[in-house]
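Welcome! If you are meeting this protein for the first time, take a moment to look it over before we start.

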Amino acid sequence: MTSIGSVFAAFGIILIDLAGRAGLDKVLAIAGDPTMVAKWAQLQSIVELVSAVSLAGVLQGLTVLISKVNDFREERRLLRSALKLGILTSLVVTIVLIPVVEYFRGGIKPDLILLAALSGCIAVIPATLNAYWLGKHWQHRMLGLALLSSLVLILVAASAWFGFSLRRLMLVQVLVLAIIGIAIWRYLNQLTSLELSLTGNRQSTGETRYFNELVNFVPVGLAIGIMSPISMLLIRAILADSISWSDVGFLQALWRSTEWVTATAAGVLSLIFLPRLSATYGSAHFKQEMLNAGIAVLIPAACLLMLIYLNQRLFLATLYDTRFAVSDMTAALFMMGSWIRIASWLFLFGLFAAHRTRIIIFGEVLSLPLYAMLLWLFAEGMTLERSAMLYLISYLVYLGFNAISLLYSLRLTNCNPNDTD
């Protein structure tokens, strides 16, 4: 179902994103200062907060649903519905959350926050095309779009190198995103206009049905897209109060070093296996696809995390500098927690394929929000080792919940094939 070329394309997409972000951070650190790096990261968190609600909800639903549609006209109806709902969702999130973000802006000016929110809304347009191509198993086309989108990071990095201010960097990001977004918007309109001209008014009924189906994924996007970034803010704040900001920086560096593994694993599960799991759910092939995904992701992840653990001081010094170092026990617990986190995602994508949106929403509370709560409950006498241990415990709980929920869903589906969340 997935060709070798598609697999290489998926890895290319993942590496382009990771390398682009790392390269931009390096340029910001050299041409600017730590404050600029921190504020840029904060602004990108706002971009992700606005866009992730659609990416993790509506567009995830588009990928899942498009893999089950074989009719050309039905695909276009679904695509058009996803584009409308995705943009609408991000606009609503912007209107509701931006005033809250401004209250906790931490010295970042309101106009920069608005530019970040605008970037997040525009980013939904290329992400919609990505989700559509992913459902069609067209990863090679997604690779081309990833290369095009990398122009945003390249031009922002070049602007930073020439000494642009943070406001000008945000303007460059918005401008380049807008140019790409307009071009893709026109392409999407051309893609759907043929079906619209052929069906006329008859298309409205089918489009409304798909719109309603996609709405079921919106709460998932709200849960993941909002809870995760807010939880990260709480995690850093709690650790800063209980230990120090320096230790928070060390833990953040450790998190970034493992992100090369965790983000790659998430990308493989999303870009390669989610369409396959969605297409086979309810059939005898689903369990085999889950096994294939586990072998493809968990074994390499374990090896790579072990490699990082054995060379953690070298990794941290290379990504940052020699001041960044943690104990071997902290690193070991955090690496184990990261592997368990990847394992929990395997069952999470299985739940996405099963359309178990309510279960996913509830389970999201047991990931980063649970970790934040554990840090708060055990804040007294906090150490980096304890924080890493609580990280491991929280994702053990999340893994157990997702695994049990998927097994229950499979059993329920076998008893009632028409049952969905």
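Predicted model: local features only at pLDDT ≥ 70, side-chain atom pairs only at ≥ 80, totals over all residues.

Reader: What share of the contacts with a separation of 6 or more is made by residues 24 or more positions apart?
Author: Here we look at contacts in the protein with a separation of 6 or more. Residues 24 or more positions apart account for a share of 83%.

Reader: Is Leu 97 buried or exposed?
Author: You will find Leu 97 in helix 3, which covers residues 72-103. Buried means a relative accessible area under 20%. The relative accessible area of Leu 97 is 16%, so Leu 97 is buried.

Reader: How are helix 1 and helix 5 oriented to each other?
Author: Helix 1 (residues 4-31) and helix 5 (residues 139-161) pack with their axes 9 Å apart, at an angle of about 5°. By class, their contact has 18 nonpolar, six polar and one charged residues. Angles under 35 degrees count as roughly parallel. The two helices, helix 1 and helix 5, are therefore roughly parallel.

Reader: Is helix 10 roughly parallel or roughly antiparallel to helix 12?
Author: The axes of helix 10 (residues 286-310) and helix 12 (residues 328-353) come within 10 Å and cross at roughly 165°. An angle over 145 degrees has a name of its own. That makes helix 10, relative to helix 12, roughly antiparallel.

Reader: What is the handedness of the crossing, and which classes of residue meet there?
Author: Where helix 10 passes helix 12, the crossing is right-handed. Among the residues that meet are Met 290 and Leu 298 in helix 10, and Met 335 and Trp 339 in helix 12. By class, this contact of helix 10 with helix 12 has 19 nonpolar, three polar and one charged residues.

Reader: How far does helix 10 reach from its first C-alpha to its last?
Author: Helix 10 has 25 residues, and its buried ones include Phe 286, Glu 289 and Ile 308. At 1.5 Å a residue, the expected span is 36 Å. The reach of helix 10 is close to that, at 36 Å.

Methods:
Residues numbered from 1 in each chain as written. Heavy atoms only, no water. Helix = DSSP H or I, 4+ residues; strand = E, 2+ residues; numbered from the N terminus. Buried < 20%, exposed > 50% of the residue type's maximum accessible area, 1.4 Å probe, protein only. Axes fitted to C-alpha atoms, helices over the stretch in contact; angles between N-to-C directions. Parallel < 35°, antiparallel > 145°, perpendicular 65-115°, else oblique. Left-handed = near helix turned anticlockwise from the far one by under 90°. Contact = heavy atoms within 4.5 Å. Nonpolar A, V, L, I, M, F, W, Y, C, P; charged D, E, K, R; others polar. Expected span 1.5 Å × (residues − 1).
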